[in-house]
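Please examine the model shown below.

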Amino acid sequence: MSEYALEMLNITKTFSQVKALDKVNLKVRPGEIHALIGENGAGKSTLMKVLSGVYKPDEGSMLLNGEAFVPHNPQDAIRKGVSIIYQELNLVPELNAIENVMLGHEIRTGGMLRKKEEKEFAGKYLDYVSRGTLPDYSRPVKYLSVAQQQMVDIAKALSYNPKIIIMDEPTDSLTNEDIVVLFEIVRQLKKDGITVIYISHRLEELFELCDRVTVLRDGQYIVDEDISEIDKDWLISKMIGRDLNDTSPPRHRQVNGEVVLEVENLTGERFHDISFQLHRGEILGLTGLVGAGRTEVLRALFGADRVKSGTIRINGEEVRLNHPNKALKYRLGFATEDRKAQGLFLTHDIRSNISEASLGKLSTAGFINRRKEKELSERYFREMRVVSPDMKKKCKYLSGGNQQKVVLAKWLIAGSSFWMSRRAA
(Lines give C-alpha, C1' and ligand atoms only; values in the text may rest on other atoms or scores of the structure.)
Protein backbone atom coordinates (compact mmCIF):
# COMPACT_ATOMS: atom_id res chain seq x y z
CA MET A 1 0.00 0.00 0.00
CA SER A 2 1.16 3.53 -0.77
CA GLU A 3 1.72 6.03 2.00
CA TYR A 4 -0.62 8.38 0.16
CA ALA A 5 -4.22 8.06 -0.98
CA LEU A 6 -3.50 10.69 -3.64
CA GLU A 7 -0.37 12.06 -5.26
CA MET A 8 -0.49 14.86 -7.81
CA LEU A 9 3.05 15.39 -9.07
CA ASN A 10 4.35 18.38 -11.05
CA ILE A 11 0.91 19.22 -12.43
CA THR A 12 1.07 21.98 -15.05
CA LYS A 13 -1.91 23.52 -16.85
CA THR A 14 -1.82 26.44 -19.29
CA PHE A 15 -4.72 28.44 -20.70
CA SER A 16 -3.99 30.81 -23.60
CA GLN A 17 -0.32 31.16 -22.67
CA VAL A 18 -1.13 31.74 -18.98
CA LYS A 19 0.11 29.08 -16.55
CA ALA A 20 -2.75 28.45 -14.16
CA LEU A 21 -0.70 25.64 -12.56
CA ASP A 22 3.09 25.44 -12.63
CA LYS A 23 4.52 22.09 -11.44
CA VAL A 24 2.10 21.82 -8.50
CA ASN A 25 2.36 18.96 -6.01
CA LEU A 26 -0.40 17.69 -3.71
CA LYS A 27 0.00 14.64 -1.49
CA VAL A 28 -2.89 13.46 0.65
CA ARG A 29 -2.76 10.61 3.17
CA PRO A 30 -5.53 7.99 3.49
CA GLY A 31 -8.43 8.92 5.74
CA GLU A 32 -7.29 12.46 6.50
CA ILE A 33 -9.08 15.78 6.09
CA HIS A 34 -6.64 17.75 3.97
CA ALA A 35 -7.06 21.50 3.50
CA LEU A 36 -6.19 23.13 0.18
CA ILE A 37 -5.92 26.90 0.46
CA GLY A 38 -4.70 29.98 -1.36
CA GLU A 39 -5.90 33.41 -2.41
CA ASN A 40 -8.33 33.84 -5.29
CA GLY A 41 -6.54 32.87 -8.49
CA ALA A 42 -4.01 30.65 -6.68
CA GLY A 43 -5.02 27.63 -8.76
CA LYS A 44 -7.11 25.62 -6.28
CA SER A 45 -10.13 25.18 -8.54
CA THR A 46 -8.00 24.38 -11.59
CA LEU A 47 -6.07 21.73 -9.65
CA MET A 48 -9.30 20.11 -8.47
CA LYS A 49 -10.70 20.17 -11.99
CA VAL A 50 -7.62 18.27 -13.12
CA LEU A 51 -8.16 15.76 -10.32
CA SER A 52 -11.87 15.37 -11.10
CA GLY A 53 -11.34 14.87 -14.85
CA VAL A 54 -12.65 18.24 -16.08
CA TYR A 55 -9.20 19.27 -17.38
CA LYS A 56 -6.32 17.22 -18.69
CA PRO A 57 -2.92 18.38 -17.36
CA ASP A 58 -0.30 19.55 -19.84
CA GLU A 59 2.40 17.94 -17.70
CA GLY A 60 2.61 15.84 -14.55
CA SER A 61 1.08 12.65 -13.22
CA MET A 62 -1.40 11.44 -10.62
CA LEU A 63 -1.48 8.34 -8.42
CA LEU A 64 -4.52 7.01 -6.54
CA ASN A 65 -3.47 4.59 -3.77
CA GLY A 66 -0.16 4.13 -5.55
CA GLU A 67 -1.64 3.34 -8.96
CA ALA A 68 -1.69 5.59 -12.03
CA PHE A 69 -4.81 7.74 -12.13
CA VAL A 70 -5.73 9.22 -15.53
CA PRO A 71 -9.41 10.27 -15.59
CA HIS A 72 -10.71 10.86 -19.11
CA ASN A 73 -13.73 12.88 -17.94
CA PRO A 74 -15.64 13.63 -14.69
CA GLN A 75 -17.70 10.43 -14.96
CA ASP A 76 -14.52 8.41 -15.30
CA ALA A 77 -13.04 10.12 -12.22
CA ILE A 78 -16.16 9.27 -10.23
CA ARG A 79 -16.01 5.63 -11.33
CA LYS A 80 -12.38 5.47 -10.24
CA GLY A 81 -13.13 6.89 -6.80
CA VAL A 82 -12.96 10.72 -6.87
CA SER A 83 -16.11 12.77 -6.24
CA ILE A 84 -16.36 16.55 -5.97
CA ILE A 85 -18.98 18.69 -4.24
CA TYR A 86 -18.89 22.11 -5.84
CA GLN A 87 -19.53 25.41 -4.08
CA GLU A 88 -22.53 25.85 -6.39
CA LEU A 89 -24.55 22.73 -5.62
CA ASN A 90 -24.96 20.32 -8.50
CA LEU A 91 -28.64 19.38 -8.11
CA VAL A 92 -31.71 19.42 -10.35
CA PRO A 93 -34.21 21.63 -8.45
CA GLU A 94 -37.35 19.93 -9.75
CA LEU A 95 -36.22 16.42 -8.76
CA ASN A 96 -36.52 15.05 -5.25
CA ALA A 97 -33.68 13.90 -3.02
CA ILE A 98 -33.76 10.25 -4.15
CA GLU A 99 -33.91 11.19 -7.84
CA ASN A 100 -30.96 13.57 -7.44
CA VAL A 101 -28.87 10.95 -5.66
CA MET A 102 -29.62 8.37 -8.37
CA LEU A 103 -29.13 10.75 -11.30
CA GLY A 104 -26.59 9.22 -13.68
CA HIS A 105 -26.65 5.73 -12.19
CA GLU A 106 -30.32 4.84 -12.08
CA ILE A 107 -31.42 1.26 -11.41
CA ARG A 108 -33.39 0.00 -14.41
CA THR A 109 -34.89 -3.13 -15.88
CA GLY A 110 -35.77 -2.98 -19.56
CA GLY A 111 -35.72 0.80 -19.52
CA MET A 112 -38.06 1.01 -16.49
CA LEU A 113 -36.85 2.55 -13.23
CA ARG A 114 -36.86 0.23 -10.24
CA LYS A 115 -38.13 2.87 -7.85
CA LYS A 116 -38.31 0.69 -4.76
CA GLU A 117 -34.67 -0.36 -5.10
CA GLU A 118 -33.61 3.20 -5.87
CA LYS A 119 -35.38 4.45 -2.75
CA GLU A 120 -33.66 1.80 -0.64
CA PHE A 121 -30.23 2.45 -2.20
CA ALA A 122 -30.37 6.27 -2.07
CA GLY A 123 -32.06 6.20 1.34
CA LYS A 124 -28.98 4.61 2.93
CA TYR A 125 -26.82 7.58 1.96
CA LEU A 126 -29.46 10.20 2.72
CA ASP A 127 -29.97 8.65 6.17
CA TYR A 128 -26.20 8.66 6.68
CA VAL A 129 -25.80 12.40 6.08
CA SER A 130 -29.14 13.76 7.33
CA ARG A 131 -29.55 11.72 10.54
CA GLY A 132 -33.27 12.36 10.60
CA THR A 133 -33.10 16.09 9.78
CA LEU A 134 -34.30 15.43 6.23
CA PRO A 135 -37.33 13.16 6.83
CA ASP A 136 -39.12 13.64 3.51
CA TYR A 137 -37.04 12.47 0.55
CA SER A 138 -39.92 12.90 -1.90
CA ARG A 139 -39.98 16.73 -1.96
CA PRO A 140 -38.31 18.56 -4.86
CA VAL A 141 -34.98 19.81 -3.56
CA LYS A 142 -35.84 23.40 -4.52
CA TYR A 143 -38.04 23.48 -1.41
CA LEU A 144 -35.20 22.41 0.89
CA SER A 145 -32.89 24.73 2.80
CA VAL A 146 -29.35 25.30 1.55
CA ALA A 147 -28.02 23.01 4.30
CA GLN A 148 -30.47 20.26 3.36
CA GLN A 149 -29.60 20.59 -0.32
CA GLN A 150 -25.95 20.22 0.62
CA MET A 151 -26.77 17.01 2.46
CA VAL A 152 -28.37 15.67 -0.72
CA ASP A 153 -25.25 16.62 -2.71
CA ILE A 154 -23.00 14.83 -0.20
CA ALA A 155 -25.27 11.76 -0.30
CA LYS A 156 -25.06 11.84 -4.09
CA ALA A 157 -21.25 11.88 -3.94
CA LEU A 158 -21.22 9.02 -1.41
CA SER A 159 -23.51 6.89 -3.57
CA TYR A 160 -20.60 6.31 -5.95
CA ASN A 161 -18.53 4.76 -3.13
CA PRO A 162 -15.66 7.27 -3.46
CA LYS A 163 -12.17 6.97 -2.03
CA ILE A 164 -11.73 10.76 -2.06
CA ILE A 165 -14.32 13.53 -1.70
CA ILE A 166 -13.46 17.14 -2.60
CA MET A 167 -15.47 19.85 -0.80
CA ASP A 168 -15.21 23.32 -2.35
CA GLU A 169 -16.19 26.12 0.08
CA PRO A 170 -18.92 23.96 1.70
CA THR A 171 -19.79 26.42 4.49
CA ASP A 172 -20.11 29.52 2.31
CA SER A 173 -23.91 29.81 2.63
CA LEU A 174 -24.50 27.95 5.90
CA THR A 175 -25.54 29.19 9.32
CA ASN A 176 -23.37 28.44 12.35
CA GLU A 177 -25.75 25.66 13.37
CA ASP A 178 -25.57 24.12 9.88
CA ILE A 179 -21.77 24.28 9.95
CA VAL A 180 -21.72 22.25 13.17
CA VAL A 181 -23.80 19.55 11.46
CA LEU A 182 -21.57 19.59 8.36
CA PHE A 183 -18.43 19.17 10.48
CA GLU A 184 -20.02 16.15 12.17
CA ILE A 185 -20.64 14.62 8.74
CA VAL A 186 -17.07 15.31 7.57
CA ARG A 187 -15.61 13.79 10.75
CA GLN A 188 -17.79 10.71 10.25
CA LEU A 189 -16.50 10.39 6.68
CA LYS A 190 -12.98 10.39 8.09
CA LYS A 191 -13.87 7.70 10.64
CA ASP A 192 -15.27 5.59 7.81
CA GLY A 193 -11.97 5.80 5.92
CA ILE A 194 -12.94 8.36 3.28
CA THR A 195 -10.28 10.95 2.44
CA VAL A 196 -11.54 14.55 2.26
CA ILE A 197 -9.92 17.47 0.44
CA TYR A 198 -11.37 20.60 2.02
CA ILE A 199 -11.19 24.03 0.32
CA SER A 200 -12.12 27.11 2.35
CA HIS A 201 -11.20 30.77 2.80
CA ARG A 202 -12.31 30.55 6.44
CA LEU A 203 -9.03 29.72 8.12
CA GLU A 204 -10.56 29.15 11.55
CA GLU A 205 -12.42 26.16 10.08
CA LEU A 206 -9.16 24.53 9.01
CA PHE A 207 -7.76 24.55 12.55
CA GLU A 208 -10.98 23.08 13.91
CA LEU A 209 -11.48 20.38 11.28
CA CYS A 210 -8.43 19.54 9.17
CA ASP A 211 -5.33 17.39 9.72
CA ARG A 212 -2.95 18.83 7.12
CA VAL A 213 -2.87 21.80 4.76
CA THR A 214 -1.34 22.51 1.36
CA VAL A 215 -0.85 26.14 0.29
CA LEU A 216 -0.88 27.34 -3.32
CA ARG A 217 0.12 30.82 -4.50
CA ASP A 218 0.02 32.19 -8.06
CA GLY A 219 -0.44 28.71 -9.50
CA GLN A 220 2.52 27.23 -7.62
CA TYR A 221 2.93 24.82 -4.73
CA ILE A 222 4.28 26.64 -1.68
CA VAL A 223 4.21 24.28 1.32
CA ASP A 224 2.29 21.57 3.14
CA GLU A 225 2.26 21.09 6.89
CA ASP A 226 0.42 19.47 9.79
CA ILE A 227 -2.25 21.84 11.11
CA SER A 228 -1.11 21.12 14.67
CA GLU A 229 2.36 22.52 13.86
CA ILE A 230 1.32 25.97 12.55
CA ASP A 231 -0.73 29.02 13.46
CA LYS A 232 -2.99 31.36 11.53
CA ASP A 233 -0.38 34.09 11.01
CA TRP A 234 2.12 31.61 9.55
CA LEU A 235 -0.55 30.26 7.22
CA ILE A 236 -1.57 33.71 5.97
CA SER A 237 2.04 34.68 5.36
CA LYS A 238 2.49 31.61 3.15
CA MET A 239 -0.71 32.42 1.24
CA ILE A 240 0.14 36.05 0.49
CA GLY A 241 3.93 35.71 0.23
CA ARG A 242 4.85 38.46 2.68
CA ASP A 243 4.97 39.17 6.38
CA LEU A 244 1.67 39.93 8.06
CA ASN A 245 2.90 43.36 9.12
CA ASP A 246 2.71 44.37 5.45
CA THR A 247 -0.84 43.20 4.75
CA SER A 248 -2.63 46.49 5.23
CA PRO A 249 -2.27 49.90 6.87
CA PRO A 250 -3.53 50.31 10.45
CA ARG A 251 -7.28 50.54 10.66
CA HIS A 252 -8.18 53.61 12.70
CA ARG A 253 -11.85 54.36 12.19
CA GLN A 254 -12.39 57.95 11.11
CA VAL A 255 -15.95 59.08 11.77
CA ASN A 256 -15.35 62.78 11.26
CA GLY A 257 -15.34 62.52 7.44
CA GLU A 258 -18.32 63.57 5.39
CA VAL A 259 -21.27 61.21 5.17
CA VAL A 260 -21.56 59.93 1.59
CA LEU A 261 -24.43 57.50 2.17
CA GLU A 262 -27.13 57.63 4.81
CA VAL A 263 -29.89 55.05 5.20
CA GLU A 264 -32.72 55.79 7.61
CA ASN A 265 -35.54 53.40 8.63
CA LEU A 266 -35.31 51.51 5.31
CA THR A 267 -37.91 48.75 4.95
CA GLY A 268 -38.36 46.24 2.13
CA GLU A 269 -39.83 42.81 1.52
CA ARG A 270 -37.33 40.98 3.76
CA PHE A 271 -35.83 43.66 5.98
CA HIS A 272 -37.28 46.25 8.35
CA ASP A 273 -36.18 49.59 9.79
CA ILE A 274 -32.52 49.52 8.66
CA SER A 275 -30.42 52.62 9.45
CA PHE A 276 -26.71 53.35 9.04
CA GLN A 277 -24.21 55.94 7.77
CA LEU A 278 -21.21 55.47 5.49
CA HIS A 279 -18.40 58.04 5.63
CA ARG A 280 -15.99 58.88 2.83
CA GLY A 281 -13.04 56.48 2.79
CA GLU A 282 -14.72 54.11 5.23
CA ILE A 283 -15.26 50.34 4.89
CA LEU A 284 -18.57 49.42 6.50
CA GLY A 285 -19.35 45.78 7.19
CA LEU A 286 -22.92 44.46 6.99
CA THR A 287 -23.22 41.06 8.63
CA GLY A 288 -25.78 38.53 9.85
CA LEU A 289 -26.82 34.91 9.44
CA VAL A 290 -28.10 33.43 6.20
CA GLY A 291 -31.60 34.81 5.61
CA ALA A 292 -31.04 37.91 7.77
CA GLY A 293 -31.61 40.23 4.80
CA ARG A 294 -28.06 41.40 3.98
CA THR A 295 -28.34 40.74 0.25
CA GLU A 296 -31.82 42.26 0.08
CA VAL A 297 -30.66 45.52 1.70
CA LEU A 298 -27.84 45.91 -0.83
CA ARG A 299 -30.12 45.05 -3.76
CA ALA A 300 -32.59 47.68 -2.56
CA LEU A 301 -29.82 50.30 -2.32
CA PHE A 302 -28.85 49.47 -5.90
CA GLY A 303 -32.44 49.82 -7.11
CA ALA A 304 -32.82 46.12 -7.94
CA ASP A 305 -35.47 45.43 -5.25
CA ARG A 306 -38.43 47.51 -4.16
CA VAL A 307 -38.27 49.69 -1.06
CA LYS A 308 -41.51 50.02 0.92
CA SER A 309 -40.48 52.95 3.10
CA GLY A 310 -37.50 54.80 4.51
CA THR A 311 -34.99 57.37 3.30
CA ILE A 312 -31.75 57.12 1.31
CA ARG A 313 -29.40 60.12 1.10
CA ILE A 314 -26.31 60.34 -1.09
CA ASN A 315 -23.96 63.20 -0.29
CA GLY A 316 -26.77 64.79 1.70
CA GLU A 317 -29.32 64.60 -1.13
CA GLU A 318 -32.42 62.47 -0.62
CA VAL A 319 -32.73 60.08 -3.57
CA ARG A 320 -35.17 57.46 -4.83
CA LEU A 321 -33.23 54.52 -6.25
CA ASN A 322 -35.95 52.58 -8.05
CA HIS A 323 -33.75 51.16 -10.83
CA PRO A 324 -30.06 50.17 -11.20
CA ASN A 325 -29.66 52.86 -13.90
CA LYS A 326 -30.60 55.44 -11.26
CA ALA A 327 -28.03 53.99 -8.87
CA LEU A 328 -25.37 54.25 -11.60
CA LYS A 329 -26.13 57.95 -12.04
CA TYR A 330 -25.34 58.41 -8.35
CA ARG A 331 -22.09 56.49 -8.84
CA LEU A 332 -23.00 53.34 -6.97
CA GLY A 333 -21.49 50.00 -7.95
CA PHE A 334 -22.63 46.54 -6.84
CA ALA A 335 -20.52 43.38 -6.85
CA THR A 336 -23.31 40.82 -6.66
CA GLU A 337 -23.40 37.61 -4.65
CA ASP A 338 -23.59 35.49 -7.82
CA ARG A 339 -21.07 37.01 -10.21
CA LYS A 340 -21.61 34.30 -12.84
CA ALA A 341 -25.37 34.81 -13.15
CA GLN A 342 -25.67 38.52 -12.29
CA GLY A 343 -22.24 40.13 -12.47
CA LEU A 344 -20.74 39.04 -15.78
CA PHE A 345 -21.52 38.05 -19.36
CA LEU A 346 -19.53 34.83 -19.24
CA THR A 347 -19.56 34.27 -23.00
CA HIS A 348 -18.26 37.81 -23.69
CA ASP A 349 -14.60 38.84 -23.55
CA ILE A 350 -12.92 40.70 -20.71
CA ARG A 351 -12.93 44.08 -22.46
CA SER A 352 -16.68 44.13 -23.10
CA ASN A 353 -17.38 43.04 -19.51
CA ILE A 354 -15.21 45.81 -18.09
CA SER A 355 -16.89 48.46 -20.24
CA GLU A 356 -20.50 47.23 -20.24
CA ALA A 357 -21.64 49.46 -17.34
CA SER A 358 -20.06 52.55 -18.95
CA LEU A 359 -21.33 52.44 -22.54
CA GLY A 360 -23.20 55.72 -22.07
CA LYS A 361 -20.09 57.73 -21.36
CA LEU A 362 -18.10 55.79 -23.97
CA SER A 363 -20.61 56.58 -26.74
CA THR A 364 -21.40 59.51 -28.99
CA ALA A 365 -24.69 59.70 -30.91
CA GLY A 366 -25.29 56.04 -30.10
CA PHE A 367 -21.90 54.82 -31.36
CA ILE A 368 -19.28 53.38 -29.02
CA ASN A 369 -15.88 55.02 -29.16
CA ARG A 370 -13.85 51.80 -29.45
CA ARG A 371 -10.51 53.54 -28.98
CA LYS A 372 -11.60 55.11 -25.71
CA GLU A 373 -13.21 51.85 -24.60
CA LYS A 374 -9.97 49.96 -25.25
CA GLU A 375 -7.79 52.52 -23.47
CA LEU A 376 -9.91 52.63 -20.31
CA SER A 377 -10.47 48.86 -20.23
CA GLU A 378 -6.75 48.18 -20.64
CA ARG A 379 -5.94 50.58 -17.82
CA TYR A 380 -8.14 48.78 -15.29
CA PHE A 381 -7.23 45.38 -16.72
CA ARG A 382 -3.62 46.15 -15.79
CA GLU A 383 -4.36 47.86 -12.49
CA MET A 384 -6.53 44.95 -11.26
CA ARG A 385 -3.81 42.51 -12.44
CA VAL A 386 -6.25 40.20 -14.21
CA VAL A 387 -4.38 36.99 -15.05
CA SER A 388 -4.89 36.64 -18.81
CA PRO A 389 -2.62 37.20 -21.83
CA ASP A 390 -5.03 39.83 -23.18
CA MET A 391 -8.59 41.11 -22.93
CA LYS A 392 -9.90 38.87 -25.72
CA LYS A 393 -10.34 35.91 -23.39
CA LYS A 394 -13.96 35.05 -22.52
CA CYS A 395 -14.78 35.50 -18.85
CA LYS A 396 -16.06 31.92 -18.49
CA TYR A 397 -12.46 30.73 -18.84
CA LEU A 398 -11.14 32.89 -15.98
CA SER A 399 -10.68 31.65 -12.44
CA GLY A 400 -13.18 32.83 -9.83
CA GLY A 401 -10.70 35.36 -8.44
CA ASN A 402 -9.99 36.86 -11.85
CA GLN A 403 -13.69 37.00 -12.67
CA GLN A 404 -14.15 39.04 -9.50
CA LYS A 405 -11.35 41.40 -10.57
CA VAL A 406 -13.23 42.01 -13.83
CA VAL A 407 -16.41 42.80 -11.86
CA LEU A 408 -14.55 45.37 -9.75
CA ALA A 409 -12.86 46.84 -12.83
CA LYS A 410 -16.31 47.30 -14.37
CA TRP A 411 -17.44 49.52 -11.49
CA LEU A 412 -14.16 51.42 -11.35
CA ILE A 413 -14.38 52.34 -15.03
CA ALA A 414 -18.01 53.37 -14.44
CA GLY A 415 -16.68 55.92 -11.95
CA SER A 416 -18.28 54.54 -8.80
CA SER A 417 -17.36 56.79 -5.90
CA PHE A 418 -18.39 53.99 -3.56
CA TRP A 419 -19.57 50.48 -4.19
CA MET A 420 -21.24 47.61 -2.41
CA SER A 421 -20.18 43.99 -2.35
CA ARG A 422 -22.21 41.01 -1.19
CA ARG A 423 -18.97 39.04 -0.95
CA ALA A 424 -15.86 40.43 -2.61
CA ALA A 425 -13.60 37.41 -2.10
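What is the handedness of the crossing of α4 and α5? The crossing is right-handed, a term used where the near helix is turned clockwise from the far one by less than a right angle. The model is predicted: local features need pLDDT of at least 70 and side-chain atom pairs count only at pLDDT 80 or more, while totals for chains, interfaces and linings use all residues. Residues are numbered from 1 along each chain as its sequence is written, and side-chain values use heavy atoms, without hydrogens and water.

Two packed helices are described by the angle and the distance between their axes. For α4 (residues 115-130) and α5 (residues 146-158), the axes come within 9 Å and cross at roughly 130 degrees. Contact (heavy atoms within 4.5 Å) involves residues including Tyr 125 and Leu 126 of α4 and Met 151 and Val 152 of α5.

Gln 150 also lies in α5. Because its relative accessibility is 8%, Gln 150 counts as buried, that is, under 20% relative accessible area. Beyond neighbours within four places in sequence, Gln 150 contacts Leu 89, Pro 170, Leu 174 and Leu 182.

Strand β3 (residues 33-37) has five of its five residues buried. In a regular strand the side chains alternate between the two faces of the sheet. Ile 33, Ala 35 and Ile 37 are buried on one side of β3, and His 34 and Leu 36 on the other. Four bridges join β3 in parallel to β10 (residues 195-199), where Val 196 is the bridge partner of Ile 33.

Note on methods:
Axes are lines fitted to C-alpha atoms, for helices over the stretch in contact, and angles run from 0 to 180 degrees between N-to-C directions. Helices (H or I, at least four residues) and strands (E, at least two) are DSSP runs, numbered from the N terminus. Buried means under 20% relative accessible area, exposed over 50%, partly exposed in between (1.4 Å probe, protein chains only). Two strands pair if DSSP finds at least two bridges between them.
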